[in-house]
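Here is a short briefing to read alongside the structure. Take a moment to look it over, and then we can walk through a few features together.

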Amino acid sequence: MNHDSPSDGTEQEWVAERVAEWLAPAGCTSRWVPEPDGQARSMVVTLTGDGGPMIALLGHPDTVFPVGTAALRPFRRDGDRRFGPGVADMKGGVLLAAAAVERLASAPSHPFSEVRLLVCADEETRLRAPAVCAEAEGAAAALVFECARENGDLVSERKGAIWRTLSLHGRPAHAGADTHRGRSAVSALAREILRIEALTAGRPEMTSVITTVRGGDSANTVPGDARATIDIRSSVPEDLVFALAELGRVGAYDGVTGAIEDRGTWPPMPRTAWLADLARALARDLGVEVGEQHSGGVSDGCWTGDRGIPTVDGLGPVGGADHTPDEWIEIETLEARIELAARLVEAIAQRAA
């Protein structure tokens, strides 16, 4: 946890290498997968079994924190909780997945052809599916190790997301002497904000939020430029198709032009009933009662779910406050959730046999 691994560098590879070194004595092999969209490579760590289905485990070592954060806020212990940059999202999840693979390797039987741990280099910033997700094709299921919710719940369904930036260009002019010569990009943006946030009408699963706004250069000038970032989410694919079409219909404003910048589109992760039910039943067998939640956040599971692979998420340690200085996990939850992950792999393999 004390090794910085922001998405925009190659330090994520250091984390992946440590995972590969850890699992090599258990008989696992590893190989790099180049990622065309980023500097760092992803990794696949494979445990070969005795035959049966292939099962994919997913996680990412990159965090939202810049280089230097680990020195300022190093990994620390406080009672049952552990704190540090990325401890929940999701280095803790990657380590838990690796521990589950190690446990599967030591089991007397291996009712699967392969267990593949996919370590995605840059989940936090990507615009499209990572190349490493192709390694999940044909899997009987994909298990994602983002942290569990604070109450221990799994994540059985996720919304998809559209991220865009709207830039408007008008004509600057003196706000008093030459007002009539100006064309306000800010006024046009205000109307676009109302239009875009109103796209949710009649779509209960959809949210549409303008997250940042910038405009103008000085207090006495008609603003010639304005921009806003847009965050639209829904668990209904048709909502996202509708929203994308509407974002392309920037209104007509005298002397003002607009452009949309693509910052990424993530598909929803649909719920797979049998997989969510199986995970919860196995947790009960371990004396742990867990529920399931529908999350508005995205994860690597969105990509596997979109490819038709049964996917369940939130299998990491119980934790919270992701992306903040207070990020935490509960250390006492690790053992039960390692065992849950290992049993879930075995149960999926037996079900698919």
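Which residues of α3 are buried? They are Lys91, Gly92, Gly93, Val94, Leu96, Ala97, Ala98, Ala99, Ala100, Val101, Leu104 and Ala105. Please keep in mind that this is a predicted model.

**The chain as a whole**
- You will find eight helices and 18 strands in the chain.
- The C-alpha trace spans about 85 × 45 × 40 Å along its principal axes.
- The chain has 353 residues, and 52% of them count as buried.
- If you take the contacts between residues at least 6 apart in sequence, 80% of them join residues at least 24 apart.

**Surface and charge**
- About 14,900 Å² of the chain is accessible surface, and carbon and sulfur atoms account for 51% of that area.

**Helix α3**
- Helix α3 runs over residues 91-106.
- Twelve of the 16 residues in α3 are buried, so the helix is mostly covered, where buried means under 20% relative accessible area.
- The cover over those buried residues includes two other helices, α1 (11-23) and α8 (334-352).
- Strands also contribute to that cover, among them β2 (42-48), β3 (54-59) and β6 (114-119).

- The peptide bond from aspartate 89 to methionine 90 is cis, and its omega is near -20°.
- Methionine 90 sits in the loop between β5 (81-83) and α3.

- Alanine 321 belongs to the loop between β17 (319-320) and β18 (328-330).
- Although alanine 321 is a residue other than glycine, its phi is positive, near 60°.
- Is alanine 321 buried or partly exposed? With a relative accessible area of 26%, alanine 321 is partly exposed.
- Histidine 323 is also placed in the loop between β17 and β18.
- The phi of histidine 323 is positive too, at about 70°, and this residue is not a glycine.
- Histidine 323 counts as partly exposed because its relative accessibility is 39%, between the cut-offs of 20% and 50%.

Conventions. Residues are numbered from 1 along each chain as its sequence is written. This is a predicted model: local features need pLDDT of at least 70, side-chain atom pairs count only at pLDDT 80 or more; totals for chains, interfaces and linings use all residues. Side-chain values use heavy atoms; hydrogens and water are left out. Helices (H or I, at least four residues) and strands (E, at least two) are DSSP runs, numbered from the N terminus. Buried means under 20% relative accessible area, exposed over 50%, partly exposed in between (1.4 Å probe, protein chains only). Contact means heavy atoms within 4.5 Å. Accessible areas come from the Shrake-Rupley method with a 1.4 Å probe; for residues, only the protein chains shown count as cover. The expected span of a helix is 1.5 Å times one less than its number of residues.
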